[in-house]
Amino acid sequence: MPNRHRPDREEPKTPGAAALALLLIALAFPAVAARGPDLPDYPADEVAPGLYVIHGPVAYPSPENQGFMNNPAFLVTDTGVIVVDPGSSVQTGEMVLRQIRKLTDKPLLAVFNTHVHGDHWLGNQAMLAAAPQVPIYAHPKMLEQVAQGAGEEWVQRMMSATNGATDGTLARGPTHALDGGQTIAVGGLTFKTHYYPHVHTTTDLMIEVPELGVLFLGDNACNHRIVRMDDGSFSGSLKALDAVKGAVSARVLIPGHGRTGGWEIVEDYRTYLSGVYDGVAELYEQGVSDFDMKPQIAERLARFKDWPGFDEELGKHISLAYLEVEGEAF
Ligand SMILES: [Zn+2]
């Protein structure tokens, strides 16, 4: 059947047996492949004039979501583009760039990283590949922790959670330190940072853009998603959320995970955090051990039980809150 094979014959070259064997090995063992597959495109939602959020999956990182789980955002201004949290891998960063390039060919002016967790910033690599000089801003404590190897830990964590889908990702940390309370002007907009010493981590910058009435919350408050607090503080989070509410008059709040909304995001997340913390404090007073607290606290927080992360995190959150309550009792 000569016709069926004609296209093959027209190929300039068919791969040799050795190349084919390598390809088969790469397909069979994605972790040893040089690079994980491209991420499919996710839509960019315009949440304020010129401000787009790519709302990522709210599930934990997995082979299915290829580790994409945060909310990368970008602002298109008259002179260029500003990116906030370009995602968990080089593949996510490249997907963010593709969405930007569908709307504008203006240059990248700046990148902001809200905190040290790699699901938010490992996409820096793709930003730097596209614009090697672009400044990447983050809190000085994040620069410190990345210098101490936090980025490589996150590269490994994403690799194992996704069975190698993020392969090819390198930790490219922020280049410029930005303290809390600082204001910088980029693309005709103002970026004002809000920092509290211990919230979701010790590296969290919340970023306000007053002209747009926008506040980036980072992971300090998420929307219908419970996040890890391994590096966080319950009492510090409660103080920070109350303080930022008094300090910022934004209308559009962009959480690190979950849909963009208003201040109800902060209210809801605060209710969860205080439910854990106050619940633990009350049971601690009654002499209940942290192992025995979970059923009562889960009941108190029943309205959150369907939020992704609730089952995974609640036990750890109780242990952490217990340590904080205990620490404050002495
Ligand atoms: Zn985080």
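Is E94 buried, partly exposed or exposed? In this predicted model, E94 counts as partly exposed, because its relative accessibility is 25%.

**Salt bridges**

E94 is a partner of R35 in a salt bridge whose closest N and O atoms are 2.6 Å apart. R35 sits in the loop between α2 (17-28) and β1 (45-48), whereas E94 belongs to helix α3 (residues 90-103), so the pair ties together parts that are 59 residues apart in sequence. R35 also meets the side chain of D38 in a salt bridge, with an N to O distance of 3.5 Å. R35 itself is partly exposed at 36% relative accessibility, while D38, with a relative accessible area of 51%, is exposed.

Another pair joins D45 and R259, whose closest N and O atoms lie 3.3 Å apart. This pair links distant parts of the chain, since D45 is in strand β1 and R259 is in the loop between β12 (252-255) and α9, 214 residues apart. Both residues are classed as partly exposed, D45 with a relative accessible area of 22% and R259 with one of 49%.

| Pair | N to O distance |
|---|---|
| R35 and E94 | 2.6 Å |
| D45 and R259 | 3.3 Å |
| R35 and D38 | 3.5 Å |

Side chains of opposite charge can pair when their charged atoms come close. In this model the count of salt bridges comes to 14, and a network of them links R228, D230, D231, E313 and K316.

**The zinc site**

The zinc ion has as its protein donors H115 (NE2), H117 (ND1), H200 (NE2) and D219 (OD), which lie 2.2 Å from the ion. Along the sequence these donor residues follow the spacing H-x1-H-x82-H-x18-D. H200 is placed in the loop between β9 (189-195) and β10 (205-209), and D219 in the loop between β11 (214-218) and α8 (234-247), so this pair ties together parts that are 19 residues apart in sequence. Both H200 and D219 are buried.

Why is the arrangement of the four donor atoms around the zinc ion irregular? The angles that these donor atoms subtend run from 83 to 169°, whereas a tetrahedral arrangement would need all angles to lie between 85 and 135 degrees. For reference, the ideal angle for four tetrahedral donors at a metal is 109.5 degrees.

Leaving aside residues up to four places away in sequence, L215 touches several residues, among them H194, M206, I207, V244, V252 and W263.

Helix α9 covers residues 264-285, and at 1.5 Å a residue its 22 residues should span 32 Å, which agrees with the 31 Å between its end C-alpha atoms. Just after α9, G287 takes a positive phi of about 80°.

**Helix α3 and its surroundings**

Helix α3, which carries E94, has 14 residues and reaches 21 Å from its first C-alpha to its last, close to the expected 20 Å. The buried residues of α3 are V90, Q91, T92, G93, M95, V96, L97, Q99 and I100. What covers these buried residues includes the strands β3, β4 and β5 (108-112) as well as helix α5 (124-130).

**Two loop positions**

T79 has its place in the loop between β3 (73-76) and β4 (81-84). Not counting residues up to four places away in sequence, T79 touches K106, P107, L109 and G187. From T79 to H176 the separation is 97 residues in sequence and 21 Å in space, C-alpha to C-alpha.

G149 lies in the loop between α6 (140-147) and α7 (150-161), and counts as buried because its relative accessibility is 17%, under the 20% cut-off. G149 and A171 are 22 residues apart in sequence, with 8.9 Å between their C-alpha atoms.

Notes: Residues numbered from 1 in each chain as written. Predicted model: local features only at pLDDT ≥ 70, side-chain atom pairs only at ≥ 80, totals over all residues. Heavy atoms only, no water. Helix = DSSP H or I, 4+ residues; strand = E, 2+ residues; numbered from the N terminus. Expected span 1.5 Å × (residues − 1). Salt bridge = Lys/Arg side-chain N within 4 Å of Asp/Glu carboxyl O. Buried < 20%, exposed > 50% of the residue type's maximum accessible area, 1.4 Å probe, protein only. Donors = N, O, S within 2.8 Å, 3.2 Å for Na, K, Ca; no water. Tetrahedral: all angles 85-135°; square planar, octahedral: opposite > 155°, others 65-115°. Contact = heavy atoms within 4.5 Å.
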